[in-house]
Amino acid sequence: MAEMPAFTPVHLLTGFLGSGKTTLLKRLLADPALADTAVLINEFGEIGLDHHLVERIDDTMVLLQSGCVCCTVRGELADALRELHSKRERALVPPFTRVIIESTGLADPFPVLSTLKSDPVLRHHFRAGTVVTTVDAVNGLSQLDTYVESTRQAAIADRLVITKADLCEDNAGLSRLLSRLTEFNPDAQRIMAGTDDPDADALFGDDAAQRATKLQSPSGFYCDTPTLRVTAEGVALHTAISSFVITVDRPIDWTGFGIWLTMLLNRHGERVLRVKGILDLVGEDRPVAVHGVQHLVHPPVHLDAWPSGERVSRLVFIVDGLDANLLKRSFNAFALAGNSDARLQPEAAAQIRNA
């Protein structure tokens, strides 16, 4: 039997209607790399499982030739995950070490991830893993401009799979799409379907240390020069998804940082789409990587060395309509070592509320 992880990672495969996520999943289901995986989908018929199905476990679960357990979600996602966990504990299904959820094309991805934290049973057995989002090269740009769900699906992604590039005759349009994706999710890994065709391990291989190393670019960090979306007249879109960076060359107080981040997520968690960074903490020789998606914050990870040799903290935020300047000022008041004057913190708390 496979060794069970303390917390089973739950990966999310999302993407807007017609973006090719079901086609991608159908190819992956034949991959032996999914042998230790449980896959949750909406309906078996949507991805044509007949030639993969080798054994029906019950009316919602089948065992595929690749070795993975494929399940339909009927009703609440939490119920499906609890049932999977129960059947694994009782050896009624093959042991699985990760779960992949295919969300519907119109789904906001955040409620799926928040299920893991809000359910008292699930949070003791599962954790959020990698988010893979498919983006249509032909229609993706118009979808990002029109549908907030499409934008949020792309903004939350760890990996963006660009589909249908072979059908895209407008190279300039494809370049604009890639540029738009970089604006509000600058450090997501981009994969061109049909060219790269990654396997399941490449898409969903996940552990905390691996995620932390993906924060680093040759210059030390992705998103060194973030951009804010603007109108044709050059006016900043303050209600649009954007990214910004907090860069600090002074040690950070871990307790103060924790209080600040907790206050921020309690107030604006729905609008803090992603936060990730590398911190220089008081009393720590090694850098510490942090990573959060909306209200979910992963455990911090100690890295072996500073990626650029420069001992500088960098935090990247992807937010929906928050004031970066107010957040930076409140961060400085709470998190920087030496800023212990309690008189500053009520004002900083107000800045968080008003961001």
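Student: Is Lys164 buried, exposed or partly exposed, and what is its relative accessible area?
Tutor: Lys164 is partly exposed, with a relative accessible area of 29%, where buried means under 20%, exposed over 50% and partly exposed in between, using a 1.4 Å probe and protein chains only. This is a predicted model, in which local features need pLDDT of at least 70 and side-chain atom pairs count only at pLDDT 80 or more, while totals for chains, interfaces and linings use all residues. Residues are numbered from 1 along each chain as its sequence is written, and side-chain values use heavy atoms, with hydrogens and water left out.

Student: Where's Lys164, and what's its phi near?
Tutor: Lys164 sits in the loop between strand 8 and helix 6 (171-184), helices (H or I, at least four residues) and strands (E, at least two) being DSSP runs numbered from the N terminus. Its phi is near 65°, a positive value in a residue other than glycine.

Student: And Ala91, what's its phi and which loop is it in?
Tutor: Ala91 also has a positive phi, near 60°, in a residue other than glycine, and it is found in the loop between helix 2 and strand 6. Ala91 counts as exposed because its relative accessibility is 60%.

Student: Switching to the sheet, what's the strand order?
Tutor: Nine strands form an open sheet in the order 3-4-5-2-6-1-7-8-9, with mixed pairing, and two strands pair if DSSP finds at least two bridges between them. The edge strands, each pairing on one side only, are strand 3 (53-56) and strand 9 (189-192).

Student: In which sense do strands 4 and 5 pair?
Tutor: Strand 4 (residues 61-64) and strand 5 (residues 69-72) pair in the antiparallel sense over three bridges, and Met61 stands opposite Cys71 in strand 5.

Student: Which strands does helix 2 lie across?
Tutor: Helix 2 (residues 77-89) lies across strand 1, strand 2, strand 4, strand 5, strand 6 and strand 7, running at about 155° to strand 2; axes here are lines fitted to C-alpha atoms, for helices over the stretch in contact, and angles run from 0 to 180 degrees between N-to-C directions.

Student: Okay, the core: which residues touch the most other members?
Tutor: In the largest nonpolar core, of 47 residues, they are Leu40, Val99, Ile101, Leu113, Leu160, Ile162 and Leu181. A nonpolar core is a set of buried Ala, Val, Leu, Ile, Met, Phe, Trp, Tyr and Cys residues joined through side-chain atoms within 4.5 Å.

Student: What is Val99 in contact with?
Tutor: Leaving aside neighbours within four places in sequence, Val99 is in contact (heavy atoms within 4.5 Å) with residues including Leu40, Leu81 and Phe126.
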